[in-house]
Amino acid sequence: MAYIDIENVSFCYPGQSRFVLRDINLRIYKEGVTAVTGANGSGKTTFSKLLIGLLKPVKGRIQLNGKLLSSLTLAQIGRQIGYVFQNPDKQLFCETVEEEIAFGVRNLGLPPERVTQKVREVMDYFELSRYAQAYPLSLSAGEKRRLALAAVFALEPGLLLLDEPTTGLDPYRKQLLGDYLDKLVAANRGVVVISHDQKFIDRYATRLLRLEDGQFIEE
Amino acid sequence: MTGLDPRTKIVMIICLSTLAVFLNEPWPLLLLFILTLVILLIMRINFFRIIMRFKKLLPLLLLMLIIQSVFSAGGDVLLSFQGVNILTTNGINTSLCILFRLLTFFSSAMIIMTSHSRDYVLALVQLKIPYEIAFMVLVSLRFLPVFIEEIKDTLVAMQLRGVDLQRIPWRQKIKFYTHLFAPLLSRVMLKAHQLAIAMEARAFRVYRRRTYLRLLHYSAKDYVAMVFFITATIAVLAQDFLY
């Protein structure tokens, strides 16, 4: 069964006549790495915002795990889809790096000692331990991106949705990210990557979708 | 009236707001509000469409009016409970005054929307306000929607990490809202710093004397509008003080 089922979805921004997305029919499964590419302004980020319910389709419907997306709250969607924004600054709001990662994990209702352990594991993996008490917005661009990824990864959602995740990452950290994606896939989780990074896509993607003139072309 | 000089519009707003502050009776304030609405109508601004954007604040306004009405003693008692006056004519008068005053403030401020923000910088400079201060006014207006957008993004990010803001109790909700201030303040400082660097890189304040491609000029209708508003304001205030 598809994890996300998109049926005849069209979208245009209010007050505009041009449809950014037209009659999209797509199934996204909880497996492999799906890469979404397309030219600037082709609607990739709009598509990602539709997938997490930030935007509502003007036509058609989206189902997440068998439930209509419009019937779920953002919190319910967030527990099933981990979304990493194109600009990580927008999703960092805690006083310390440690707190930033712990914020979502605490909302999962885990016992305190499990939360601490989980936070430590994630910080170690993303090499953020030495910044544990640093203010998130004072980190460098690459570190902020790693922190945004770490905060979402810690929630272990069924599907990860990453908008331009390799921007600002050095080759070593790109590989680290790719390896983590491989691990997630091995653990029966799906990943959707919106990216222009052709090398990264070639190396890790198992399915490639190109957005052109408001429609997807599967390659 | 849309073609008025921005300086004339600033004078109009100051006159209307001054009258709204000094008038203390519901009827004159209602007339002032109606006059402001007529001005907005002539300037083709849809007041009701804009005010509907603030509909979430309406319960707060209603609560404020009720509190004012209850705590303003005097006049005839219309409603009392166990000897405590709940509603008096004085209380109703006070809350109506506040309502019309707020509406006049809101609506007169909308006049500002009829000119481009660049024109207000020019207007302030020609009113002998230092360019740096005029520019700061422009920047603050320009960045206000950006910060509102950032607050929305942070709220979305919090919800996507499992916080159900619609369902959690108020006390917890307030705790989560405190998370908004630190990043917002930090981003404001960062943006201000980046803007300062970008402006200095483009030679901002290199020369003390600035020249402008376009200058604002008063027309006959500006003089008519200014004379009318200033005279009317002084006359109303004088009458208010004398009698």
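Guide: Let us begin with a definition: a pocket is an open set of grid points with protein on both sides within 12 Å along at least five of seven lines, and its lining residues have an atom within 4 Å of a point. The model before us is predicted. In it, α7 and α9 (181-201) of chain B each supply at least two residues of the lining of the second largest pocket.

Visitor: How many residues line the second largest pocket, and which lie nearest its centre?

Guide: Its lining comprises 20 residues, and those nearest the centre are B:Y131, B:A203, B:F204, B:R205 and B:R210. The space within this pocket amounts to about 510 Å³. By class, 13 of the lining residues are nonpolar and 7 are charged, with no polar ones.

Visitor: What is the volume of the largest pocket, and which residues lie nearest its centre?

Guide: The largest pocket holds about 2,100 Å³ of space. Of its 42 lining residues, B:L144, B:P145, B:I148, B:E149 and B:K152 lie nearest the centre. Two or more lining residues come from each of α1 (44-51) of chain A and α5, α6 (117-126), α7 and α8 (170-177) of chain B.

Visitor: Which element gives the most to that lining, and how do the residues divide by class?

Guide: α7(B) gives the most, with 12 residues. The lining as a whole has 26 nonpolar, 7 polar and 9 charged residues.

Visitor: Let us turn to helix packing. At what angle do α4 and α5 of chain B pack?

Guide: A helix pair is described by its angle, its axis separation and its contacts. Helix α4 (residues 58-71) and helix α5 (residues 89-109) of chain B pack at an angle of about 145°, with their axes 7 Å apart. The crossing of α4(B) past α5(B) is right-handed. On α4(B), the contact is made by B:L61, B:M64, B:L65, B:Q68 and B:S69; on α5(B), by B:G91, B:I92, B:T94, B:S95, B:I98, B:L99 and B:L102. These residues divide into 7 nonpolar, 5 polar and no charged.

Visitor: What is the strand order of the open sheet in chain A?

Guide: The open sheet has 4 strands in the order β2-β1-β4-β5, with antiparallel pairing. β2 (21-28) and β5 (67-68) of chain A are the edge strands, each pairing on one side only. Between β1 (residues 4-11) and β4 (residues 59-64) of chain A there are 5 bridges, and A:I4 has A:L64 as its bridge partner.

Visitor: Which strands of chain B form a hairpin?

Guide: β1(B) and β2(B) form the hairpin, with 2 residues between them; in the turn, B:Q82 has a positive phi of about 50°. The strands, residues 77-81 and 84-88, run antiparallel and are joined by 4 bridges. B:V77 stands opposite B:T88.

Terms used: Residues numbered from 1 in each chain as written. Chains lettered and ligands numbered in written order. Predicted model: local features only at pLDDT ≥ 70, side-chain atom pairs only at ≥ 80, totals over all residues. Heavy atoms only, no water. Axes fitted to C-alpha atoms, helices over the stretch in contact; angles between N-to-C directions. Left-handed = near helix turned anticlockwise from the far one by under 90°. Contact = heavy atoms within 4.5 Å. Nonpolar A, V, L, I, M, F, W, Y, C, P; charged D, E, K, R; others polar. Pairing = 2+ DSSP bridges. 1 Å grid on protein atoms, 1.4 Å probe; cavity = no way out; pocket = protein on both sides within 12 Å on 5 of 7 lines; lining within 4 Å. Points joined across faces, edges and corners; volume = space filled by probe spheres on them.
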